[in-house]
Amino acid sequence: MTPPTSDRPAVPTLAEELRISIARLSRRLRHLRLAEPGTEDERLSVTQFAALAAIERHGSMTPGELAQHEKVQPPSMTRVIAFLEEQGLVKRAPHPTDGRQVVISATPAGGEHLTRERRRKEAWLGRRLAELSPDERETLRRAAPILDKISRA
């Protein structure tokens, strides 16, 4: 009888190392918002922030399109949109060709909210990058487009 073997290699694979590192960095960036009590940024959940960012990045869309884009059920997205609208971060307008629907777009306040959030995250990341050697920063600079390509696959 041979001893049982593991399907997992003893040495972490590149895919495993990237998965762990990217997940850790993503989690760290997401939680930066929670580190500043009293700011309006802490009012948004990750889902609410993602929906606002998608609207700002892709332009006006129907609630159904937004739900599909964010991979959530339409009733859940309806609640997210209602909250964002209540906060003045998005607005509804009649659909240009279908009178039964509305389109959602970001308000100037929504855009400002996203800008503040992005600046805070970029400042944190900039401080971490400054701690690296020039060679490490150059390696990351070359890897950034590759990681972007993977993220869009």
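Visitor: Are Glu-117 and Arg-120 buried or exposed?

Guide: Buried means under 20% relative accessible area, exposed over 50%, and partly exposed in between, with a 1.4 Å probe and protein chains only. Glu-117 is buried, and Arg-120 is too. This is a predicted model, in which local features need pLDDT of at least 70, side-chain atom pairs count only at pLDDT 80 or more, and totals for chains, interfaces and linings use all residues. Residues are numbered from 1 along each chain as its sequence is written, and side-chain values use heavy atoms, with hydrogens and water left out.

Visitor: Which salt bridges does Glu-117 form?

Guide: Side chains of opposite charge can pair when their charged atoms come close. A salt bridge here is a side-chain nitrogen of Lys or Arg within 4 Å of a carboxyl oxygen of Asp or Glu. With Lys-121, the closest N and O atoms of the bridge are 3.3 Å apart. Lys-121 is buried as well, at a relative accessible area of 18%, and the value for Glu-117 is 1%.

Visitor: Why are Glu-117 and Lys-121 separated by about one helical turn?

Guide: An α-helix has 3.6 residues a turn, so residues three or four places apart point the same way. Glu-117 and Lys-121 are four residues apart in helix 5. Helices (H or I, at least four residues) and strands (E, at least two) are DSSP runs, numbered from the N terminus.

Visitor: At what angle do helix 3 and helix 4 pack?

Guide: Axes are lines fitted to C-alpha atoms, for helices over the stretch in contact, and angles run from 0 to 180 degrees between N-to-C directions. Helix 3 (residues 63–70) packs on helix 4 (residues 74–86) at about 110 degrees, with the axes 9 Å apart. That makes the two roughly perpendicular; under 35 degrees counts as roughly parallel, over 145 as roughly antiparallel, 65 to 115 as roughly perpendicular and the rest as oblique. Contact means heavy atoms within 4.5 Å. Pro-63, Leu-66, Ala-67 and Glu-70 of helix 3 make the contact with Pro-74, Met-77 and Ile-81 of helix 4.
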